[in-house]
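I opened the model today to look up its sheet and the helices packed around it. My notes follow.

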Amino acid sequence: MTIDRRSFADKATLAKELAASVADRIRAAIAERGTAAIAVSGGSTPGKFFSVLGKTKDIDWDKVIVTLVDERWVDETSDRSNALLVNEKMLQGPAATARFFPLYSGGDEPTDAAVAKTNALMAELPKPFAAVILGMGNDGHTASFFPGGDTLHQALTAEGPTLAIRAPGAGEPRITFTLPRLLETDGLYLHIEGDEKASVLDAALGDGPVADMPIRAVLRSNAPVTVYWCP
């Protein structure tokens with residue numbers, strides 16, 4: 001377990017520092033491989049980070065692919081869509097020339113055929129990711145690795161790259177990158193805010209089953225994880 005916990009005074013400072021680190025990863029990947037892919041999380045936490053990163057001018061954004069670590073199975077026009085958040089907050093200004101690879105591929109349910117369509121698109125992503133930015137829920141989930149998820153074991157172990165998952169705490173059916181695919185990255189980040197999330201992380205770092213707090217699968221992997229936290 002290699003965890004680097006970094007604390008910041010406020011959300012604005014965290015967003016600036018996280019964006020700077022991710023931007024460095026993007027530039028390094030482009031220099032080394034000619035292109036860079038990043039996978040980001042949705043929810044309410046990353047909005048400021050998205051805005052700061054999207055305004056970064058010294059990135060060859062036309063060589064960048066942005067995707068999501070997971071997504072609710074909803075259309076991109078839905079206010080529940082993580083894709084909507086990324087398009088509104090990040091893919092503006094300098095970042096408007098980046099390509100976006102959505103996980104949602106149409107229809108009311110993530111059928112086998114729909115997931116196969118998503119996986120065909122995700123197979124075009126360069127490996128490894130330049131950066132993967134995870135979030136975490138108060139229940140210890142990350143990506144769509146939810147406690148009680150019907151495909152949780154596969155999500156944590158399968159090659160993927162993505163699969164469908166349903167769970168009591170997830171609301172809509174979801175699609176998520178599998179953990180092995182997310183760990184194929186130059187930089188792995190966990191972005192959390194607030195005292196409650198800090199307490200959840202402390203609990204996750206303790207003993208206990210992965211199934212109870214699936215973030216443990218990330219924390220117990222061999223991948224170095226950099227935690228960005230602010231009150």
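Predicted model: local features only at pLDDT ≥ 70, side-chain atom pairs only at ≥ 80, totals over all residues.

**Sheet and helices**

Strand E2 (residues 36-40) and strand E6 (residues 131-134) run parallel and are joined by two bridges. I then checked a position within the pair. Ala39 lies opposite Val132 of E6.

Next I looked up the whole sheet. I found seven strands in an open sheet, paired in parallel. I noted the order as E1-E10-E9-E6-E2-E3-E5. Which strands stand at the edges? They are E1 (3-7) and E5 (99-101). Each has a single partner strand, so one side of each is left without a neighbour in the sheet. I also took down the twist, which averages 20 degrees from one strand to the next.

Then I turned to helix H1 (residues 11-33), which packs on the sheet. I listed the strands that H1 touches: E2, E3 (64-68), E6, E9 (188-193) and E10 (225-230). The direction of H1 makes about 165 degrees with that of E9.

My last entry is on helix H4 (residues 112-122). Which residues of H4 are buried? I noted Ala114, Val115, Thr118, Asn119 and Met122. What do the buried residues of H4 pack against? I recorded four strands here: E3, E5, E7 (162-165) and E8 (174-177).

Terms used:
Residues numbered from 1 in each chain as written. Heavy atoms only, no water. Pairing = 2+ DSSP bridges. Axes fitted to C-alpha atoms, helices over the stretch in contact; angles between N-to-C directions. Contact = heavy atoms within 4.5 Å. Buried < 20%, exposed > 50% of the residue type's maximum accessible area, 1.4 Å probe, protein only.
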